[in-house]
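Let me put the structure up.

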Amino acid sequence: EQADRHINPKIGGVKLSKLEPMHLQNLCSDLADTIGKRTAEMIRVQLHGALKQAGRWQLIPRNPAEAVTPIKVPKQPITIWTPTEAARFLDTARAHRLYAAFYLAMSTGLRRGELLGLRWVDISKDRLKVTTSKTRKGHRTLKLSKDVLAVLTEHHSRQEAEKAKLSTWHGDGLVFTSTTGTPIGPRNFERTWKDLQAETRSKWLEDTRKLLEVTTLTPEHKETLEETIKALEAGRLFPTLRLHDLRHLHASMLISKAKQSPVEVAERLGHTNPSFTMDVYGHMFAEHNEEDEVSILDFLPSMGGTN
């Protein structure tokens, strides 16, 4: 898709043997101006890898992408939820059939593809083996806390009940499936994620407005509730997160609660290099100057009281 949209229109007519560094440099510079530096840098990296493979196959004598200057991408601030915000979301999502997927994402930092590709055979006792990652470091084994195992057990029972209602179940051992057992498409999963966030915000607003109707409120309490409503409506409270931000949330748990080192966090998240982990989360390590497992219950306030 990237090739059809951004590469072929610019250099698709250039023969591989005639491809020069300036072709690629101009392409990346143009893309940085038109579609953004972050996407342009991703395309540069992809081209570098493809041309490196072409060199291995001796289709070209050298890799012209070696001479292309990487694009400096400004760092995006990391947005994560507070413990109260995360608890609010889980309280709303609890009734949803995919509740366990979001609980697991918060509790392990699994990527979307790792979640959707997870199979029951990958879970043994209190261990989860990640086998769907594209990187070597991404293949890893995680220890699961008791609360995660309880959520997964309940999810398995729910899935078995769904299966029993159907004459044909299309699943082949996936932990998270559609209601008929087929794999969940990434877009559908993202849609569910966004819908549950919207539902959480709506319920929080509704609960807060009901509290405002109490006649015995002190002026200070009333002011606090009014500020909560304003913050929710403006997105300052319970900001909308990308699904990937749950990895950041989990990293925060590892650093602040489990006191894990950059190497340990990199291993848990499946990062290829701890230096990347330090680059992304260095500020968190600075703020919170070994455990095998991390429970989200250590991070969240009481799940029974999320008001």
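So, aromatic pairs: the count comes to nine. For that count, rings of Phe, Tyr and Trp (its six-membered ring) pair if their centres lie within 6.5 Å, with planes under 30 degrees apart called stacked, over 60 edge-to-face and the rest tilted. Before I go on, this is a predicted model, where local features need pLDDT of at least 70 and side-chain atom pairs count only at pLDDT 80 or more, while totals for chains, interfaces and linings use all residues. Residues are numbered from 1 along each chain as its sequence is written, and side-chain values use heavy atoms, with hydrogens and water left out.

Here's one of the pairs: Phe89 with Trp193, edge-to-face, 5.1 Å centre to centre and 70 degrees between the planes. Phe89 sits in helix H4 (residues 83-93) and Trp193 in helix H8 (residues 186-212), so this pair ties together parts 104 residues apart in sequence. Helices here are DSSP runs (H or I, at least four residues), strands are too (E, at least two), and both are numbered from the N terminus.

The cut-offs are under 20% for buried and over 50% for exposed, with partly exposed in between (1.4 Å probe, protein chains only).

Trp193 also pairs with Phe102, and that one is stacked: 5.6 Å centre to centre, 25 degrees between the planes. Phe102 is in helix H5 and Trp193 in helix H8, so here the parts tied together are 91 residues apart in sequence. Phe102 is buried too, at 0%. Zoom out and you get one aromatic cluster of Trp81, Phe89, Phe102, Phe189, Trp193, Trp204 and Phe238.

Next, the tyrosine. Tyr103 lies in helix H5, and at 4% relative accessibility it counts as buried. What does Tyr103 touch? Leaving out residues up to four places away in sequence, the list is Leu90, Asp147, Val148, Val151, Ile296 and Leu297, where contact means heavy atoms within 4.5 Å. With Asp147 there's a side-chain to side-chain polar contact of 2.6 Å. That term covers a pair of N or O atoms within 3.5 Å; within protein, one must be able to donate a hydrogen and the other to accept it, and residues adjacent in sequence count only if both atoms are side-chain atoms.

On to the cavities. The largest has a volume of about 50 Å³. A cavity is a set of points on a 1 Å grid over the protein atoms alone where a 1.4 Å probe fits but cannot get out, and lining residues have an atom within 4 Å of a point. Its lining is His96, Arg97, Tyr99, Ala100, Val151, Glu154, His155 and Arg158. Which helix gives the most to that lining? H7, with four residues. Helix H5 (99-108) and helix H7 (146-164) each supply at least two.

The second largest cavity holds about 30 Å³. Among the residues lining it are Leu110, Glu114, Asp122 and Lys129, and strand E2 (residues 127-130) supplies the largest share, three residues.

Terms used:
On a 1 Å grid over the protein atoms alone, a cavity is a set of points where a 1.4 Å probe fits but cannot get out, and a pocket is an open set with protein on both sides within 12 Å along at least five of seven lines; lining residues have an atom within 4 Å of a point. Grid points are joined across faces, edges and corners, and a volume is the space filled by probe spheres set on the points.
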